[in-house]
Amino acid sequence: MKITKVQTAFVEVPADEPLANGPAEKGAVRKLIGVKISTDQGLQGISVAFFGGGVTPALKSAIDSLGSLSVGMDPLAIEPIHAKFREAGSHAGPGGIFTLASSAIDIALWDIKGKAFGKPVSELLGGFRKTVPTYASGALMRGFSLKQVVKSAETLVKKGYTQMKTQLALPGYTNPPIEVDRIRRIREAIGDKIDLMCDINQRWDVRQAISIGKQIEKYHLFWLEDVTAHDDYPGLARVTNALDTPVAGGEYVYGSVPFRHMMEARSVDIIMIDLMRSCGITGFMKIAGMAEAFNLPVVSHLIPEIQVHTVAAIPNGLTVEYMPWTFRCYKEVPVPKNSVLTVPTKPGLGLEFDPKVVKF
């Protein structure tokens with residue numbers, strides 16, 4: 001089997017908040033790239049890519065350039081394809097747009113591989129379980145008012161979610177009492193039995209992370225995420241050692257090497273892997289294996305329709321971030337029931353683009 005064509009398409013979907021019908025800026029869109037790889041045996045693999053803002057055309061160009069290098073190669077021989085990419089982009093990698101483009105192609109190749117063997121990707125990766133926990137993400141954003149966040153949190157509980165994530169490091173004027181009070185109000189709204197995560201998005205320094213983190217420990221967070229600069233491994237380790245609340249991190253780093261540094265420094269308690277920055281599914285599995293060796297659980301970042309396969313495949317998979325930003329691209333996607341996702345049983349990723357949305 002040979003790759004015959006790699007196609008990309010610009011995609012725009014509404015930047016809404018569908019989980020709890022939260023506020024959305026009128027006319028706001030998310031800019032994505034649809035990817036489709038075709039073979040001489042009629043099998044096709046798909047994926048999506050995004051980076052945000054004005055660099056989306058550059059990312060599309062990078063995918064097109066790398067994709068052209070794979071034409072004529074065996075889509076099942078994924079590592080040789082990566083090796084060819086690394087050689088061609090030796091002065092552009094290993095991070096940034098080069099890795100984002102490589103990841104998009106890698107995911108589509110795994111989709112082809114699953115279809116070629118008639119198996120869901122999760123089974124090819126190990127198939128540890130058929131279902132996986134998932135948490136609602138994107139409904140309790142820092143830009144929403146406290147009143148809205150409390151209302152949305154209550155809505156998520158009514159919908160059956162037993163795990164959900166909010167954010168601190170609030171925009172505009174804020175201080176530790178305001179930050180702590182926000183967590184208090186959310187916890188009171190959802191009760192003690194719901195797992196509540198909190199993302200800082202690198203907005204605190206080490207001192208703030210320890211100080212505020214200690215003040216909110218009584219609200220029993222499931223984890224605090226990306227509390228300070230992603231590559232400050234000693235600083236992250238200081239926070240992790242100081243707090244009883246588990247610290248999660250990893251979504252901002254590219255490739256597997258930074259994860260090794262992070263794990264060796266004991267920087268975090270929970271490893272979070274972004275498929276687009278990890279070098280796709282191939283990179284995810286390498287990082288997850290390292291995490292298992294360090295006795296650390298793994299959680300996902302974004303694209304749950306694909307990450308359901310990866311997290312369910314591994315023995316140290318903890319939970320999937322359910323943020324449905326990309327769902328409009330597909331005809332059908334996995335839908336959680338009581339905060340649990342079932343792995344699709346169709347070959348490959350089990351996904352099909354909606355041709356009304358993704359137009360090649």
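**Pockets and helix contacts**

Author: Happy to! Keep in mind that this is a predicted model. In the largest pocket, the lining residues divide into 11 nonpolar, nine polar and 11 charged.

Reader: Nice. What volume does the largest pocket have?

Author: Its volume is about 560 Å³. The lining counts 31 residues, and the closest to the pocket's centre are Glu251, His301, Leu302, Met323 and Trp325.

Reader: Which strands each supply at least two residues of that lining?

Author: Strand E2 (29-39) does, and so do strand E4 (131-140) and strand E5 (163-167).

Reader: OK, and the second largest pocket, how much space lies in there?

Author: About 350 Å³. It is lined by 20 residues, and Arg86, Pro94, Gly255, Ser256 and Cys279 are the closest to its centre.

Reader: Which elements give two or more residues to the lining of that second pocket?

Author: Those are helix H2 (78-88), helix H3 (96-117), helix H9 (257-264) and helix H10 (280-293).

Reader: And by class, what does the lining of the second largest pocket have?

Author: There you find six nonpolar, 11 polar and three charged residues.

Reader: Let's switch to helices. At what angle do the axes of H3 and H10 cross?

Author: They cross at roughly 90°, and the two axes come within 6 Å. Angles of 65 to 115 degrees count as roughly perpendicular, so H3 and H10 are roughly perpendicular to each other.

Reader: Which residues make the contact?

Author: From H3 you have Ser103, Asp106, Ile107 and Trp110, and from H10 come Gly280, Ile281 and Thr282. By class, the residues of this contact are three nonpolar, three polar and one charged.

Reader: Now H1 and H2, please. How do their axes cross?

Author: Helix H1 covers residues 56-70, and its axis comes within 10 Å of the axis of H2, with a crossing at roughly 125°. That makes H1 and H2 oblique to each other.

Reader: Is the crossing of H1 and H2 left-handed or right-handed?

Author: H1 passes H2 in a right-handed crossing.

Reader: And which residues meet there?

Author: Leu66, Leu69 and Ser70 in H1 meet a set in H2 made up of Ile81, Lys84, Phe85 and Ala88. The contact of H1 with H2 divides into five nonpolar residues, one polar and one charged.

Reader: Great, thanks! I'll go and look for those on the screen.

Conventions:
Residues are numbered from 1 along each chain as its sequence is written. This is a predicted model: local features need pLDDT of at least 70, side-chain atom pairs count only at pLDDT 80 or more; totals for chains, interfaces and linings use all residues. Side-chain values use heavy atoms; hydrogens and water are left out. On a 1 Å grid over the protein atoms alone, a cavity is a set of points where a 1.4 Å probe fits but cannot get out, and a pocket is an open set with protein on both sides within 12 Å along at least five of seven lines; lining residues have an atom within 4 Å of a point. Grid points are joined across faces, edges and corners, and a volume is the space filled by probe spheres set on the points. Helices (H or I, at least four residues) and strands (E, at least two) are DSSP runs, numbered from the N terminus. Ala, Val, Leu, Ile, Met, Phe, Trp, Tyr, Cys and Pro count as nonpolar, Asp, Glu, Lys and Arg as charged, and the others, Gly among them, as polar. Axes are lines fitted to C-alpha atoms, for helices over the stretch in contact, and angles run from 0 to 180 degrees between N-to-C directions. Angles under 35 degrees count as roughly parallel, over 145 as roughly antiparallel, 65 to 115 as roughly perpendicular and the rest as oblique. A crossing is left-handed if the near helix is turned anticlockwise from the far one by less than a right angle, and right-handed if clockwise. Contact means heavy atoms within 4.5 Å.
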